[in-house]
Amino acid sequence: MRFYLTTPIYYVNDKPHIGHAYTTIAADVLTRHHRQRGDQTWLLTGVDEHASKVARVATEQGLAPQEYADRIVGAWRELPRRLNVSNDFFIRTSDEGHKRFVQSFLQRMYDNGDIYQDVYAGLYCVGCEAFKTEAELVDGKCPEHDTVPEWIEEKNYFFRLSGYQDRLLELFDSRPDFVLPDFRFNEARSFIAGGLQDFSISRAGQPWGVPIPWDPDQVAYVWADALVNYLSALSYAPGDDLEAFWPAVHLLGKDILRFHCVYWPAMLLSAGYEVPKQLFVHGWLLLDDRKISKSRGNVVDPLDLLDLYGTDPLRFWCVRAVSFGQDGSASLDGVHERYERELGNDLGNLLSRTTAMIARYRDGSLAASPSESSPIKAELDPLGADVAARIDVFDLTGALERIWEVVRALNRYVETQAPWQLAKDDTNADALDRTLYDLADGLRVVAIALSAYIPETAERILEALGQPLDVRWEGVAYGLTGDIESIVAAEPLFPRIDAPTAAA
Ligand code: MSP
């Protein structure tokens, strides 16, 4: 099975913040999980450069837009790297390969008779990079950006989106899981059913962008350029036969639903490509109920948190703090709290205690001794299918909670079995062996199940147990821990850290 997943490409008008890290982390969790299940995966992320707001910031800094983008792109490339995200390619819309592809894509739409010239006059919000109708404004302002849109009057090229209404409705009606979650599907479908307006795919009078092939005095509208990245990357990224990965699964935030769920499928139909396989729309991660944005002054640079807690705790928090798909408010104190209570106590201590007891009572070695009647077997056997089923519907938070149920069950098992009591009496030697084996096996299974979320920690657990660093999904089953030989008490996985006094 091929699994091709994309993140939105991020505007480079500013540096990355935790909201961008959020989508990128979720994408990596999904991709790693599919890889564990044996799928051939390809993960794409990157940056969206040809926005008016990018050109504006460049001017403010006295730089040409390309020069500005070249300077800031380093911080964006660093984001997936520091989050331990296993993307296969990082796309820039200023890549020559992308620009060439956009031109051929738009030309195909043009040749198909879907593009015409007209004068457009309307209110344009630079924050959204979109035209707005009066009805969408609140007190004359864009509710999203709290700014007054600008009046723009231009001769542009238009895409006949209105001609695609019936085909889009058919698409939605024949594929009820085309867009998930369901309430987002309904939102997109009602937008289509409400009637579609043609939209401008070009801009006149601004040089920053991809020239329109049949009229190089105009450049492609930033969305008509950016959406095409999902396809263009396959045409020039290193690798063989990448086109076979199409159609993709797209991950996106709710603010860009229309572009992805309505405009993009119509553009693909017009240019003669298959529509996306699926789109998952996630909600917003709010910090203490506030939207994260520079203008609102609560930007938290995820890289600052990374320095303090490390990559895995931040990945863990992003998925766990808010139910993936919904909007949710998180707090920075939550990062610390989950680090201590869940990662440190629930998981870290379980590993420390288990390895310390194997070292102390069995000199670090234990023969494999799975037992059909083990209560831990009953805990572990359904886990693989349960987690996979949740991830298949993008329930990353629910899948993680399901794994955590097992972590909690293993902690209860330590308490009820009390190996330190069993160790006092030699007649309990078998029971002690079985208990220690079950704990080690439970930790091995949990490590594999968690490895898409917290890959470094998963490896450290397997290493501490002296088990192969093999995270294939078949390993999420009871009794596959091999003989344990000469292990020592593991170092704490999550050493104590002082909480930052002001939010980091
Ligand atoms: N450049 C366009 C996307 C083009 S894709 C062909 C864009 N860029 S963006 O940088 O403004 O936003 C990119 C993504 O980050 C969006 O999916 C957006 O929802 C997401 N997020 C930005 N802040 C966020 C949060 N606070 N929480 C969750 N996601 C957020 O739009």
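My entries below start with the helix and then turn to the ligand.

**Entry 1: helix α9.** I kept in mind that this is a predicted model. I looked up α9, which covers residues 257-271. How far apart should the ends of this helix be? At 1.5 Å a residue, its 15 residues should span 21 Å, and the end C-alpha atoms are 21 Å apart, so the two values agree.

**Entry 2: a kink.** I then followed the axis of α9 and found a kink of about 35 degrees at Tyr263. Is α9 mostly covered or mostly open? I noted that it is mostly covered, with 14 of its 15 residues buried. After the helix comes Gly272, which has a positive phi, near 85 degrees.

**Entry 3: around the ligand.** Next I listed the 25 residues around the ligand; Ile9, Asp48, Gly253, Asp255 and Leu285 come nearest. I sorted the shell by type and got 14 nonpolar, 9 polar and 2 charged residues. Which element gives the most to this shell? My note says α1, with 4 residues.

Entry 4: I looked for polar atoms facing the ligand.
- A polar side-chain atom of Asp255 is 2.6 Å from a ligand oxygen.
- A polar backbone atom of Tyr11 sits 3.2 Å from an oxygen atom of the ligand.
- For Gly19, a backbone N or O atom is 3.5 Å from a ligand nitrogen.

Last, I checked the cover: the ligand taken alone exposes 670 Å², and the protein buries 94% of that.

Note on methods
Residues numbered from 1 in each chain as written. Predicted model: local features only at pLDDT ≥ 70, side-chain atom pairs only at ≥ 80, totals over all residues. Heavy atoms only, no water. Helix = DSSP H or I, 4+ residues; strand = E, 2+ residues; numbered from the N terminus. Expected span 1.5 Å × (residues − 1). Bend = angle between axes of the 7 residues up to and from the residue. Buried < 20%, exposed > 50% of the residue type's maximum accessible area, 1.4 Å probe, protein only. Near = heavy atom within 4 Å. Polar contact = N/O pair within 3.5 Å; in protein donor to acceptor, adjacent residues only side chain to side chain. Areas by Shrake-Rupley, 256 points an atom, 1.4 Å probe, with all protein chains shown as cover. Nonpolar A, V, L, I, M, F, W, Y, C, P; charged D, E, K, R; others polar.
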